[in-house]
Amino acid sequence: PGRTRVLIDPRTLDVVTPGPRRNSAIRVVRRIHENLMSGRTGRALVGWMGLAALLLGVSGLILWWPRGGGLPGWKAALSIRWSAKGLLFHRDLHAAVGFWSLTVFLVVSFTGIYLVFPDATRSVIMAVTPAPDRGEAAASRAEPGIDGRPLGLDGAVALALEKIPGSRFRQARLPARPGRPIRIRLVRSGHQRGEPAITALVDPQRRSLSAVFDPRDFSLGERIIVWQRALHAGLGLGWTWRTLVFLSGLLPALFAVTGVAMWWIKRRQGPQIAARRGE
């Protein structure tokens, strides 16, 4: 609220008037994925669905875990008998795919929960892996300088690049209100899209850096937090991770089909099994 987004042509410096936003197919799919096209209520529901997926993944691992049988039992649990039919085939497919995709499935589910409930999830992460409190540095105020002439945006970027050698400029964010520092985001060579960037807080009044947040210096808990969005979107770790995240989107459908198939086959075979036991 209170912010205005202005698009400026970088060559002519003219203000560009954007055309009307269209509900493209990708935008509709994104809205369905993020909030079921139902605002905050739908977004909360998506978060609870992510929690349900997380619990289903953990409970599935417990049910899958081989109990006895030694090496043959583990081999059977980790493979699919393609010659099997009916209940055995669906059970093998459900169990083996579930195990080999479990890590990606849990990561995508957990990061989805974080994106919907960031404060609650952050508290859980920090409770397990404590981290230093950087809130005071992030909320630092720009103090008046000696000559009263604040540093301009170009100067703030140049100062950040000078103080953090080997980095390159990615983004600048002007303070939303007076007395706040300029936020400069920098990246190092080899930076991949989605990978956490360095944030430098520049005090324009004193013409100095008030704080630097470098992911390489973060604690384990802080690294987990800054990677949540990138991991969920399949970014920051190359095409292998991006492909795995894409394939994980097909897992709920696979689990639903194989799960329903197993239930239906057992339901149909129930009277036959009961009759055999009676004999």
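1. Buried here means under 20% relative accessible area, exposed means over 50%, and partly exposed lies in between (1.4 Å probe, protein chains only). By that scale Pro-204 is buried, at a relative accessible area of 10%. Pro-204 is found in the loop between strand 5 and strand 6. Its C-alpha atom is separated by 8.5 Å from that of Leu-153, 51 residues away along the chain.

2. The model is predicted, so local features need pLDDT of at least 70 and side-chain atom pairs count only at pLDDT 80 or more, while totals for chains, interfaces and linings use all residues. Residues are numbered from 1 along each chain as its sequence is written, and side-chain values use heavy atoms, with hydrogens and water left out.

3. The sheet. Helices (H or I, at least four residues) and strands (E, at least two) are DSSP runs numbered from the N terminus, and two strands pair if DSSP finds at least two bridges between them. An open sheet of 4 strands runs in the order 3-4-5-6 with antiparallel pairing. Strand 3 (167–173) and strand 6 (208–213) are at the edges with a single partner strand each, so one side of each has no neighbour in the sheet. On average, neighbouring strands of this sheet are turned by 30 degrees against each other, direction ignored; axes are lines fitted to C-alpha atoms, for helices over the stretch in contact, and angles run from 0 to 180 degrees between N-to-C directions.

4. Strand pairs. Strand 3 pairs with strand 4 (residues 182–188) over 6 bridges in the antiparallel sense. Arg-168 has Val-187 of strand 4 as its bridge partner. Strand 5 and strand 6 are antiparallel too, over 5 bridges, and Leu-201 has Ala-211 of strand 6 as its bridge partner. Their hairpin has 4 residues between the strands, and Arg-207 in it takes a positive phi near 55 degrees.

5. Helix 8. This helix (residues 153–163) lies across strand 3, strand 4, strand 5 (198–203) and strand 6, at about 40 degrees to strand 4. Ala-156, Val-157, Leu-159 and Ala-160 of helix 8 are buried. Seen down the helix axis, the buried residues fall within an arc of 160 degrees, so they line one face; the arc is that of the directions from the helix axis to the C-beta atoms. They pack against strand 3, strand 4, strand 5 and strand 6, contact meaning heavy atoms within 4.5 Å. The face turned away from the buried side carries the exposed residues Asp-154 and Glu-162.

6. Asp-214. This residue lies in the loop between strand 6 and helix 9 (220–226) and is buried, with a relative accessible area of 7%. A polar contact of 3.0 Å joins its side chain to that of Arg-188; the term covers a pair of N or O atoms within 3.5 Å, where within protein one must be able to donate a hydrogen and the other to accept it, and residues adjacent in sequence count only if both atoms are side-chain atoms. Asp-214 also forms a salt bridge with Arg-216, with the closest N and O atoms 3.8 Å apart. Salt bridges with shared partners join Arg-188, Asp-214 and Arg-216 into one network.

7. Other salt bridges. The criterion is a side-chain nitrogen of Lys or Arg within 4 Å of a carboxyl oxygen of Asp or Glu, and the whole structure has 6. One of them links Asp-119 and Arg-122 (3.2 Å, N to O). These two are 3 residues apart in helix 6 (residues 118–128), and therefore separated by about one helical turn.
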